[in-house]
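These are my notebook entries on a structure that I went through for the first time. I record what I looked up, entry by entry.

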Amino acid sequence: MTATDPALTALAQGWCSLSLLHDRIEAHIERALQTGHDLSVREYSLLQVLSRQHDGPGGHLQMRQVADAVVLSQSATTRLVTRLEDRGLLERYLCPTDRRGIYTNVTPAGLELLEHARPTNDTALREALDAAATNPELAPLVRAVESLHAPQSA
């Protein structure tokens, strides 16, 4: 294949459209969360991921798993955890069965902030998708995103 191969050109254009949609959504949500709750998208995502942990088997995530879930490097995730810990939104503790492991939990203050921020996040996401749906280049991607977890009719 050459650089002018139509299939590669279409693939590259599709990737550019997907990247554009992601960037627009993230920027819109970032502004809303920063303005309303002094949270970044990454901070919100981290609180969201950690709030789903539980005490059952496999219920707590290792830092590597947390990093994967929020799409950051382990070192960036550690810095993010430290920032939220300094704000009293997260707390770390030693794993009771493996003293080498360190877990991170959302504090009551973090859970409260997450609950207040969730409607802001959801509204901003809807607004960003609605705005993107008016762009002919992005509309098919918006429909694809909306259909990902849509209830299936029988």
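The entries below move from the strands to the helices, the pocket and the loops.

**Entry 1: conventions.** I worked from a predicted model, in which local features need pLDDT of at least 70 and side-chain atom pairs count only at pLDDT 80 or more, while totals for chains, interfaces and linings use all residues. Residues are numbered from 1 along each chain as its sequence is written, and side-chain values use heavy atoms, with hydrogens and water left out.

**Entry 2: the strands.** I took helices (H or I, at least four residues) and strands (E, at least two) as DSSP runs, numbered from the N terminus. Strand β1 (residues 90-94) and β2 run antiparallel and are joined by five bridges; two strands pair if DSSP finds at least two bridges between them. I noted that L90 has V106 of β2 as its bridge partner. Four of the five residues of β2 are buried, where buried means under 20% relative accessible area, exposed over 50% and partly exposed in between (1.4 Å probe, protein chains only).

I then looked up N105, which lies in β2 (residues 102-106). What does N105 touch, not counting residues up to four places away in sequence? I found Q53, H60, L89, L90, E91 and Y93, with contact meaning heavy atoms within 4.5 Å. The side chains of N105 and Q53 are joined by a polar contact of 3.2 Å. A polar contact is a pair of N or O atoms within 3.5 Å; within protein, one must be able to donate a hydrogen and the other to accept it, and residues adjacent in sequence count only if both atoms are side-chain atoms.

**Entry 3: helix α2.** I listed the buried residues of α2 as V41, E43, Y44, L46, L47, V49 and L50. They pack against α1, α3, α4 (74-86), β1, β2 and α5.

**Entry 4: the pocket lining.** I checked which helices each supply at least two residues to the lining of the largest pocket, and found α1 (6-37), α2 (41-51), α3 (63-70) and α5 (108-132).

Entry 5: H37 is in helix α1. Is H37 buried or exposed? Its relative accessibility is 15%, so H37 counts as buried. Its side chain makes a polar contact of 2.7 Å with the side chain of T120. H37 and L113 are 76 residues apart in sequence, yet their C-alpha atoms are 7.5 Å apart. With residues up to four places away in sequence left out, H37 touches A32, R87, L113, H116, A117 and T120.

R87 is in the loop between α4 and β1 and is partly exposed, with a relative accessible area of 36%. Neighbours within four places aside, I found R87 in contact with H37, D38, L39, E43 and L113. A polar atom of the R87 side chain lies 3.1 Å from the backbone oxygen of D38.

**Entry 6: positive phi.** Most residues other than glycine have a negative phi. I noted that D38, which is not a glycine, has a positive phi of about 55°. D38 lies in the loop between α1 and α2 and counts as partly exposed because its relative accessibility is 49%. V71 also is a residue other than glycine with a positive phi, near 55°. V71 is in the loop between α3 and α4, and at 63% relative accessibility V71 counts as exposed.
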